[in-house]
Protein chains: 2
Amino acid sequence: MTEIVNKMDVLKSYIETKGLKSTAQRDYIADTFFKTNTHISLDELLKKVKRKTPNIGYATVYRTMKLLTESGLAIARQFGDGQTRYENLPEDGHHDHIICIKCSRIAEFSNQKIEQLQMEAAKKLGFTVVNHKLELYGYCPDCV
Amino acid sequence: MTEIVNKMDVLKSYIETKGLKSTAQRDYIADTFFKTNTHISLDELLKKVKRKTPNIGYATVYRTMKLLTESGLAIARQFGDGQTRYENLPEDGHHDHIICIKCSRIAEFSNQKIEQLQMEAAKKLGFTVVNHKLELYGYCPDCV
DNA sequence: TGGTTAGATGATAATAACTTTCATTTTCAA
DNA sequence: TTGAAAATGAAAGTTATTATCATCTAACCA
């Protein structure tokens, strides 16, 4: 609950900083997204939003998610199915994904040791890491 | 040199197994791709191929890369620029990528310890890993 | 070897996802 | 309140990918 309020506040302040205006549509789309746990696509989010407000258009959802991505409140990801999927900013820090190649189920995990080794590997090449993406592909317990 | 011959042989046997026919166009596209070190897009590969055989069409390049991907000789990747890029099957085992978010330079690295930790993390969730993708994003030595 | 046929090709059309445009509506600071 | 700036929704435009279709060609066989 406090989570949702906080994200909304972050969004509000981002909007204010950028000199944008707040609208009912954007608020509702953002709120709906913030309450989502899955990696949602634009079409899926649009469908969800339309249940209560049928007159919202695809473009508005698109623009809202673009804004949320810019502000760091959403993360855009490509899992290889040809669609961009949006993920909520995790409260408890970064996590990685493991995707079942049979049923498409996505589980999450995080491993501090891996992160550390990544940093070290990058450093060796003279790179500075600001972000990373780790995806494992395999079979989930139900599909093995 | 032997590398290219081997990959061609693998392709030939894959074609035979599947009951397909061999063609000059496909051979030339595959050969060109095998000699490529970069993560090449369809358009880039088409351009390369057209230098010697201008009458080859996009569709043939597309279909050839699809075939190479199916046969495991190429790896399709999405680095987030909206295009699928194809990478040669590495001789020396799997590697990961580190991408400069300023100049787009892509460096490669591999770390056995990371791979091992991935396996362990997956196992904890009951998953079996068959593949993975690790990308670090940051600044390269020239762009820091 | 020539005929047959299933696969391959190249041009083009069709999709699908994403992005932009534009007329209109809404927000909000003065 | 009002007017400039931003937002919206519908629709059009892009871009990359995939499918279609009329030939063409490889490869097997009589």
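Biologist: In what order do the elements of chain A run from the N terminus on?

Modeller: The model is a predicted one. The secondary structure of chain A comes to 5 helices and 6 strands, and its C-alpha atoms fill a box of roughly 45 × 40 × 30 Å along the principal axes. From the N terminus on, the elements run α-α-β-α-α-β-β-β-β-α-β.

Biologist: At what angle do the axes of helix α3 and helix α4 of chain A cross?

Modeller: Helix α3 of chain A covers residues 42-50, and helix α4 of chain A covers residues 58-70. α3(A) passes α4(A) in a right-handed crossing. The two axes come within 10 Å, and they cross at roughly 115°.

Biologist: How many nonpolar, polar and charged residues does the contact of α3(A) with α4(A) have?

Modeller: From α3(A), the contact is made by L42(A), D43(A), L45(A) and L46(A). From α4(A), Y58(A), V61(A), Y62(A) and M65(A) take part. By class, this contact has 1 charged residue, no polar residues and 7 nonpolar residues.

Biologist: Which residues of α4(B) meet α3(B) in chain B?

Modeller: In chain B, the axes of helix α3 (residues 42-50) and helix α4 (residues 58-70) come within 10 Å and cross at roughly 115°. The crossing of α3(B) with α4(B) is right-handed. By class, their contact has 7 nonpolar, no polar and 1 charged residues. L42(B), D43(B), L45(B) and L46(B) of α3(B) meet, in α4(B), the residues Y58(B), V61(B), Y62(B) and M65(B).

Biologist: How far apart do the C-alpha centres of domain 1 and domain 2 of chain A lie?

Modeller: Chain A is divided into domain 1, residues 2-88, and domain 2, residues 96-138. The C-alpha centres of these two domains of chain A are separated by 25 Å.

Biologist: Which three residues supply 78% of the area that domain 1 of chain A buries against domain 2 of chain A?

Modeller: The contact takes 5 residues from domain 1 of chain A and 7 residues from domain 2 of chain A. About 560 Å² is buried between the two domains, with carbon and sulfur atoms giving 50% of that area. On the side of domain 1 of chain A, more of the buried area comes from one set of three residues than from any other three: H39(A), R77(A) and F79(A).

Biologist: Which side chain meets that of R77(A) in a salt bridge of 3.7 Å, N to O?

Modeller: Between domain 1 and domain 2 of chain A, the count is 1 salt bridge. R77(A) also forms a salt bridge with E87(A), the closest N and O atoms being 2.8 Å apart. That pair links strand β2 (residues 74-78) with strand β3 (residues 84-88) of chain A, at 10 residues apart. The partner of R77(A) at 3.7 Å is E135(A).

Biologist: How large is the area buried between chain B and chain A?

Modeller: In this pairing, 34 residues of chain B are in contact with 34 residues of chain A. F127(B), K133(B) and Y137(B) supply 21% of the area that chain B buries against chain A, more than any other three residues. Carbon and sulfur atoms give 72% of the total buried area, which is about 2,900 Å².

Biologist: How many salt bridges are counted between chain B and chain A?

Modeller: Over all chains, the structure holds 14 salt bridges. Between chain B and chain A, the count is 0.

Key. Residues numbered from 1 in each chain as written. Chains lettered and ligands numbered in written order. Predicted model: local features only at pLDDT ≥ 70, side-chain atom pairs only at ≥ 80, totals over all residues. Heavy atoms only, no water. Axes fitted to C-alpha atoms, helices over the stretch in contact; angles between N-to-C directions. Helix = DSSP H or I, 4+ residues; strand = E, 2+ residues; numbered from the N terminus. Left-handed = near helix turned anticlockwise from the far one by under 90°. Contact = heavy atoms within 4.5 Å. Nonpolar A, V, L, I, M, F, W, Y, C, P; charged D, E, K, R; others polar. Domains from an automatic or database assignment. Buried area = accessible area lost by both parts, 1.4 Å probe. Salt bridge = Lys/Arg side-chain N within 4 Å of Asp/Glu carboxyl O.
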